[in-house]
Amino acid sequence: SAKQVREALKWLGEEPNDKQFLSVMNEVDTHAKGVMDFQRFIRLMAKFDRSMITEDELVNAFKIFDKDKSGTIDAIELQDVLCKLGFTVTPLQAEEMIQAADEDKSGECEYGEFVRKIIENQ
């Protein structure tokens, strides 16, 4: 739900007003499907007027997805977080999202890969 997305943004240090939030959500989810994948989440975070994302913010964002604290994000963790945020994500979709971020083809997204994806999308 939108409320859950706002909670995730707040946890990452962003507290947009209603107008800013709706504007960003409409830019990221142009067809109002309510689907939030990893790439859209990164684009959503990149929409905020910031000169730089701090390392602490990157670590906190990574921790949201890295539920087992393994230092990597797998498809199960990604699906779980996105479902808790109110988005319908199948296991296959979650796997495809991880593959898009997984540069070394390990089947998981490591912190370095996560950071590079964020930087690419800023």
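Select K69 to begin. K69 is exposed, at a relative accessible area of 69%. Here exposed means over 50% relative accessible area, buried means under 20%, and partly exposed lies in between (1.4 Å probe, protein chains only). K69 sits in the loop between helix 4 and strand 1. Its phi is near 60 degrees, a positive value in a residue other than glycine.

A word on what is on screen. This is a predicted model, in which local features need pLDDT of at least 70, side-chain atom pairs count only at pLDDT 80 or more, and totals for chains, interfaces and linings use all residues. Residues are numbered from 1 along each chain as its sequence is written, and side-chain values use heavy atoms, with hydrogens and water left out.

**The whole chain**

Now zoom out and colour by secondary structure. The chain has seven helices and two strands. Helices (H or I, at least four residues) and strands (E, at least two) are DSSP runs, numbered from the N terminus. From that end, the order is α-α-α-α-β-α-α-β-α. Of the 122 residues in the chain, 40% are buried. Contact means heavy atoms within 4.5 Å. Among contacts with a separation of 6 or more, 53% are between residues 24 or more positions apart.

**Strand 1: T72**

Select T72, in strand 1 (residues 72-73). T72 is buried, with a relative accessible area of 11%. Show its side chain. Which side chains make polar contacts with T72? S70 is one, at 3.0 Å. E108 is another, also at 3.0 Å. A polar contact is a pair of N or O atoms within 3.5 Å; within protein, one must be able to donate a hydrogen and the other to accept it, and residues adjacent in sequence count only if both atoms are side-chain atoms. Leave aside neighbours within four places in sequence, and T72 is in contact with F62, D66, E77, E108, C109 and E110.

Move to D102. It lies in the loop between helix 6 (91-101) and strand 2 (109-110). D102 is buried yet has no salt bridge. A salt bridge is a side-chain nitrogen of Lys or Arg within 4 Å of a carboxyl oxygen of Asp or Glu. Lys and Arg count as positive, Asp and Glu as negative; His and the chain ends are not counted. The nearest side chain of opposite charge to D102 is K105, 6.1 Å away. Look also at S106, whose backbone nitrogen lies 2.9 Å from a polar atom of the D102 side chain. Beyond neighbours within four places in sequence, D102 is in contact with G107, E108 and E113.

Click K105, in the loop between helix 6 and strand 2. At 66% relative accessibility, K105 is exposed. Its phi is near 60 degrees, a positive value in a residue other than glycine.

Select A94, M97, I98 and A101, the buried residues of helix 6. Look down the axis of helix 6: these buried residues fall within an arc of 100 degrees, so they line one face of the helix. The arc is that of the directions from the helix axis to the C-beta atoms.

Go to helix 2 and select F21, V24, M25 and V28, which are buried. Seen down the axis of helix 2, its buried residues also fall within an arc of 100 degrees, so they line one face of the helix. Turn to the face away from this buried side to find the exposed residues K19, L22 and N26. At the start of helix 2, a side-chain oxygen of N17 comes within 3.1 Å of the backbone nitrogen of K19. Back on F21, the relative accessibility is 5%, so F21 counts as buried.

**The core**

Which residues have the most contacts inside the largest nonpolar core? They are L44, F65, I73 and L82, in a core of 32 residues. Helix 1 (2-11), helix 2 (18-28), helix 3 (38-46), helix 4 (55-65), helix 5 (75-84) and helix 6 each give two or more residues to this core. A nonpolar core is a set of buried Ala, Val, Leu, Ile, Met, Phe, Trp, Tyr and Cys residues joined through side-chain atoms within 4.5 Å. Not counting residues up to four places away in sequence, L44 touches V5, L9, V24, M25, V28 and M36.

**Last stop: V59**

Select V59, in helix 4. At 27% relative accessibility, V59 is partly exposed. V59 and F114 are 55 residues apart in sequence and 9.7 Å apart in space, C-alpha to C-alpha.
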